[in-house]
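Subject: Structure handover

Hello,

Here is the structure I promised to pass on. Please look it over first, then read the notes below it.

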Amino acid sequence: MTIFARVAGTGSSLPDRILTNQELESMVDTSDEWIQSRTGISERRIAAEGETTCDLAEKASLDALDAAGVDPQDIDLVVLATTTPDQVFPSTACLLQERLKISNNSPAFDVQAVCSGFIYALDLANKFITGGNVKCALVVGAETFSRIIDWTDRNTCVLFGDGAGAVVLKADQESGITSSILHANGAYNRLLHVPHGVSKGFDRVQAGGAFTQMQGSEVFKFAVRALGDIVDEVLEKEGLSKNDIDWLVPHQANIRIISASAKRLGISLDKVIVTIERHGNTSAASVPLAFDEAVREGKIKRGQRVIMEALGGGFTWGAVLMVY
Ligand code: COA
């Protein structure tokens with residue numbers, strides 16, 4: 001008997017504070033026109049002082065549990081994707097487990113694949129479920145990316161935002177995730193990175209100077225190629241054609257990268273879930289945030305075939321194909 005991991009419920013959460021392009025104009029040498037035309041972003045959310053990744057993850061998870069009609073005690077796996085954990089350790093997944101009062105000693109861990117983190121987390125949770133070890137998993141992408149942004153660097157500060165998205169995955173005999181593909185190539189690590197951390201350049205971290213650095217146009221070119229290729233790869237793996245896809249839920253990094261993916265897939269932008277205008281790039285949260293909004297708006301319906309795809313620092317990239 002085949003077992004699938006099916007999305008039983010989705011949730012998301014955003015900080016209250018909206019940071020507009022107009023406000024950024026007074027912070028760095030940029031313009032609303034430049035940001036909108038190059039990226040498609042007009043505003044993003046920024047976590048309040050003291051508001052953490054786990055706070056955002058908790059709200060998104062409670063939404064997803066509620067939508068799935070699942071009691072937290074029935075969650076037997078928590079996988080949380082983040083690049084901006086609350087603490088060095090324990091993992092934010094463990095902190096979340098405590099917040100949700102999950103006391104059944106089931107495994108909980110973080111995944112670090114930057115903007116592809118949620119795709120990596122979904123793939124892992126899918127393997128736990130289809131392997132028969134887990135019946136009900138909570139998979140979260142949550143970030144306070146604003147904390148690792150240099151707000152004087154116009155190359156990066158206009159792009160990113162904070163948020164969280166979550167799904168409850170349940171073992172199901174009918175349908176669910178049918179394919180997933182993960183890739184990484186560490187040779188590209190310097191194109192998009194925070195070059196300091198715990199065991200390297202910790203003095204910079206302590207001095208408050210450890211921020212995201214990016215070679216934007218190189219990242220752009222790689223993303224367009226890799227995200228196009230991975231859609232073809234996942235379709236080929238499943239023996240499906242482009243016409244079989246109802247929705248594309250791409251990582252929300254740049255509207256021009258999203259448009260290139262849609263073009264490669266041969267689908268119009270109205271079959272692509274786009275939230276970048278209001279969220280910016282929320283890293284590991286971007287795909288589950290967009291997915292939750294589309295489900296709640298009634299766009300993505302039960303039985304429809306959805307491809308999720310993302311690329312992040314590393315580089316890491318991946319795609320998941322599911323019947324929702
Ligand atoms: N406002 C105004 N000008 C800006 C700017 C800003 N916020 N940020 C950069 N610029 C300037 C640069 O300094 C550069 O100026 P110069 O030519 O005088 O040196 C110029 O704009 C770069 O222009 P261009 O090369 O045409 O930009 P672009 O079309 O490549 O767009 C990005 C820049 C960053 C929007 C684009 O490369 C991108 O989205 N890359 C991918 C980023 C990404 O997705 N990262 C996350 C992946 S998970």
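A polar contact here is a pair of N or O atoms within 3.5 Å; within protein, one must be able to donate a hydrogen and the other to accept it, and residues adjacent in sequence count only if both atoms are side-chain atoms. The model is predicted: local features need pLDDT of at least 70, side-chain atom pairs count only at pLDDT 80 or more, and totals for chains, interfaces and linings use all residues. Residues are numbered from 1 along each chain as its sequence is written, and side-chain values use heavy atoms, with hydrogens and water left out.

A polar backbone atom of Gly-216 is 2.9 Å from a nitrogen atom of the ligand. The side chain of Arg-154 has an N or O atom 2.9 Å from a ligand oxygen. Arg-256 also places a side-chain N or O atom 2.9 Å from an oxygen of the ligand. The ligand alone exposes 970 Å², and the protein buries 71% of that (Shrake-Rupley method, 1.4 Å probe; for residues, only the protein chains shown count as cover).

Now the shell. There are 22 residues around the ligand (a heavy atom within 4 Å of it). Thr-30, Arg-38, Arg-154, Gly-216 and Asn-254 come nearest. The shell divides into ten nonpolar, eight polar and four charged residues (Ala, Val, Leu, Ile, Met, Phe, Trp, Tyr, Cys and Pro are nonpolar; Asp, Glu, Lys and Arg are charged; the others, Gly among them, are polar). Helix H8 (216-238) gives two or more residues.

Where does the ligand lie relative to domain 1 and domain 2? It lies between them, because domain 1 (4-174) and domain 2 (179-323) both give residues to its shell. The domain bounds come from an automatic or database domain assignment.

Last, the backbone. Phe-89 and Pro-90 are joined by a cis peptide bond, with omega about -5 degrees. Pro-90 is in the loop between strand E4 (77-81) and helix H4 (92-99). Gly-314 to Phe-315 is also cis, with omega near -15 degrees. Lys-101 is not a glycine, yet has a positive phi of about 60 degrees.

Best wishes

How values were computed: Helices (H or I, at least four residues) and strands (E, at least two) are DSSP runs, numbered from the N terminus.
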